[in-house]
Amino acid sequence: MRKPIIAGNWKMNKTISETLELIEALKAPKFDEGVEVVLAVPFTSLSEAKKALEGTGIKLAAQNMHWEEQGAFTGEISPLMLKEIGVDYCIIGHSERRQYFNESDERVNKKVKSALKHKIRPIVCVGETLEEREGGQAEKIVKEQVLKALEGIDKGDIEEIVIAYEPIWAIGTGKTASSDDANNMCRLIREVIGNKYDDTTKEKIRIQYGGSVKPSNIKELMEKEEIDGALVGGASLVAEDFIKIVNY
Ligand code: PEP
C-alpha cells in the first residue's frame, strides 16, 4: 500500500516571519494521518521551519540543491547543508528550474544520486510543454525524463524517490489535466519503472500529480488508481486551501 503524499511547493514566496505565520495556521487543524504532508519552503526559511514543525509530523523539503557537497559554486546550497538542517525531501528538476535555470536531465540525475547518497528523498518533477502535448510527444518526453533522472539508480533506492508528473501547461495557469489524462501518464511512468526494474519496484514508487491542484479537484485526482498524491503550488500558500487539499 502506497501512502499518499501531498507536498506544498511555496516557490519563491514567504519571508521567515511569513513562513512561521503560515506554519502556525497549518498546525491548528488536524491533518488526516493517512496522508504524508510535506512543505517545500524557501532556503532561507528551512531552519526556522524545521523548529516550527517539530512534533507535527509534517515533513520538510528544500526546493533545489547542488549535487556537490561543497566547493566554489557561488549561490548554491549543498546536500550537507540541507542534511544538517534536517530536511527530509528535496524537489529536483521542477519545470521552473528546467525552464529558467537551464536544469538539464543530466543535472537532475546528478542531484537525484546525491540526494539519495545523503538520505534526502528526492521529489523528481517531469512533464511536457503544451507544444509537446499538442504535437503528440507528451509520453515520449515524460518517458525520457524519467529514464534519464533514474539513470544509474539502484532498484533498492526507488522506494525513496517520489515522481511528480507536472504538465508544464497546467502549472500556475488554472488549467488542470483531466483526472484521466493525469492517471494515464502516471500509469505510463509506473510502466517505465516496471520495465527498467521489475513489477515489485513499480508498485512501490509514489507518483504525484501537480498542476493547478485545488480543493475543488483534489478528490477526483486522488480517486485515480495511479495517482498517489499531489505537488501543490499556488494553493499551498493559502492555509485554508492546503488543509482542504490534504484532508480531501
Ligand atoms: C508547482 O509549483 O509544482 C505547481 C504545480 O504549481 P501550481 O499548483 O500553482 O500549478
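This is a predicted model: local features need pLDDT of at least 70, side-chain atom pairs count only at pLDDT 80 or more; totals for chains, interfaces and linings use all residues.
Arg107 touches Trp67, Phe101 and Asn102, leaving out residues up to four places away in sequence; contact here means heavy atoms within 4.5 Å. You'll find Arg107 in helix H5 (residues 105-117). Helices (DSSP runs of H or I, at least four residues) and strands (runs of E, at least two) are numbered from the N terminus.

Residues are numbered from 1 along each chain as its sequence is written, and side-chain values use heavy atoms, with hydrogens and water left out.

Now for another residue of H5, Ser114.

| Residue | Relative accessible area | Class |
|---|---|---|
| Arg107 | 37% | partly exposed |
| Ser114 | 6% | buried |
| Asn102 | 62% | exposed |

Asn102 has another feature to look at: its phi is near 55°, a positive value in a residue other than glycine. Lys11 isn't a glycine either, and has a positive phi of about 50°. Look for Lys11 in the loop between strand S1 (5-9) and helix H1 (16-27).

On to the sheet. Here 8 strands close into a barrel in the order S1-S2-S3-S4-S5-S6-S7-S8, with parallel pairing. Neighbouring strands of this sheet are turned by 25° against each other on average, direction ignored. Two strands count as paired if DSSP finds at least two bridges between them.

Let's walk along part of the barrel. Strand S3 (residues 59-62) pairs with S4 over 2 bridges in the parallel sense, and Ala62 stands opposite Cys90 in S4. S3, helix H3 (residues 79-85) and S4 make a right-handed β-α-β unit: with the strands pointing away from you, the path from the first strand over the helix to the second runs clockwise.

Which residues are buried on each face of strand S4 (residues 89-92)? Tyr89 and Ile91 are on one side, and Cys90 and Ile92 on the other. Next comes strand S5 (residues 121-126), paired with S4 in the parallel sense over 4 bridges. In S5, Ile123 is the bridge partner of Ile91, and Ile123 also stands opposite Val162 in S6. S5 and strand S6 (residues 162-165) are parallel too, over 4 bridges.

Finally, two helices. The axes of H7 (residues 138-149) and H8 (residues 179-196) come within 10 Å and cross at roughly 45°. That makes H7 oblique to H8, because angles under 35 degrees count as roughly parallel, over 145 as roughly antiparallel, 65 to 115 as roughly perpendicular and the rest as oblique. Axes are lines fitted to C-alpha atoms, for helices over the stretch in contact, and angles run from 0 to 180 degrees between N-to-C directions. H7 lies across S5 and S6, running at about 155° to S5.

Methods. Buried means under 20% relative accessible area, exposed over 50%, partly exposed in between (1.4 Å probe, protein chains only).
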